[in-house]
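Here's a walk through one model, helix by helix. Have the coordinates open and follow along.

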Amino acid sequence: MANFVWTDQQITFGVRDFDEEHQELVNLLNDLCVAIDGDDAEKTRKVYDAFRDCMADHFNHEEQVMRDSGYPEFETHCSEHANLLREMDETSQHLDRVRDKALDMFLINHLSYVLLGHILTTDARYMPHFREMGIA
Ligand SMILES: [Fe+2]
Ligand SMILES: [Fe+2]
């Protein structure tokens, strides 16, 4: 099974805290794929909850820094975060109701696609602002 592989060049925008938090999210996605692939329901739930908590903490951190630094796209960025967390909660409910490895993997792949898309487009847009404000 192919896991996510993110190289330093792809993930590093030059704002250290957020670069590290993004890497941690990718690591947890990899762990989640391994748990699902191993058909380990208990581990899948445990890693999923850790991933969800990590994502919520990361979003709170970004939103705090965006708010404090007067980032002009704050509102639209926050609404993307809220949509992602809603999707996470819907997927969580599915994991509780259905035991289907292929479907679980499909849903996690979809979540990964949406999350990585957010990081590589929406997050990438705040990096010049953060660097300009001296946030590193
Ligand atoms: Fe982010
Ligand atoms: Fe973000």
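A word on ground rules. This is a predicted model, in which local features need a pLDDT of at least 70 and side-chain atom pairs count only at pLDDT 80 or more, while totals for chains, interfaces and linings use all residues. Residues are numbered from 1 along each chain as its sequence is written, and chains are lettered from A and ligands numbered from 1 in the order in which they are written.

**Confidence**

The average pLDDT (the predictor's confidence in each residue, from 0 to 100) is 89 for the protein, and 93% of the residues score at least 70. H3 has the highest confidence, at a mean of 95, while helix H1 (residues 8-11) has the lowest, at 66.

H3 covers residues 41-68. Its buried residues are Thr44, Val47, Tyr48, Phe51, Met55, His58, Glu62 and Met66. Buried means 20 or more other C-beta atoms within 10 Å of a residue's own, exposed means 12 or fewer, and partly exposed is in between, with C-beta atoms placed from the backbone. An α-helix has 3.6 residues a turn, so residues three or four places apart point the same way. The buried set of H3 packs against H2, H4 (74-97) and H5.

Two helix pairs can be set side by side. Two packed helices are described by the angle between their axes and the distance between the axes. The axes are lines fitted to C-alpha atoms, for helices over the stretch in contact, and the angles run from 0 to 180 degrees between N-to-C directions.

| Pair | Angle | Axis distance |
|---|---|---|
| H2 (residues 16-37) and H5 (residues 101-132) | about 170° | 10 Å |
| H3 and H4 | about 170° | 11 Å |

H3 and H4 are therefore roughly antiparallel to each other, a label for angles over 145 degrees. On the H3 side the contact (C-beta atoms, placed from the backbone, within 7 Å) includes Thr44, Tyr48, Met55, Phe59 and Met66, and on the H4 side it includes Phe74, His77, Leu85 and Leu95. The residues of this contact divide into 10 nonpolar, four polar and four charged. In that count Ala, Val, Leu, Ile, Met, Phe, Trp, Tyr, Cys and Pro are nonpolar, Asp, Glu, Lys and Arg are charged, and the others, Gly among them, are polar.

H2 and H5 are therefore roughly antiparallel to each other as well. H2 brings His22, Leu25, Leu29, Leu32, Cys33 and Ile36 to the contact, and H5 brings Lys101, Asp104, Met105, Ile108, Ser112, Leu115 and Ile119. These split into nine nonpolar, two polar and two charged.

**Zooming in on single residues**

Leaving aside neighbours within four places in sequence, Met66 touches Tyr71, Phe74, His77 and Tyr126.

Now for the loops. Asp39, in the loop between H2 and H3, is exposed, with 11 other C-beta atoms within 10 Å. Its phi is near 55°, a positive value in a residue other than glycine. Most residues other than glycine have a negative phi. Just after H3, Gly70 takes a positive phi too, of about 65°.

Gly14 sits in the loop between H1 and H2 and is exposed, with 11 other C-beta atoms within 10 Å. Gly14 and Val98 are 41 Å apart, C-alpha to C-alpha, and 84 residues apart in sequence.

How values were computed. Helix = DSSP H or I, 4+ residues; strand = E, 2+ residues; numbered from the N terminus. Parallel < 35°, antiparallel > 145°, perpendicular 65-115°, else oblique. Contact = placed C-beta atoms within 7 Å.
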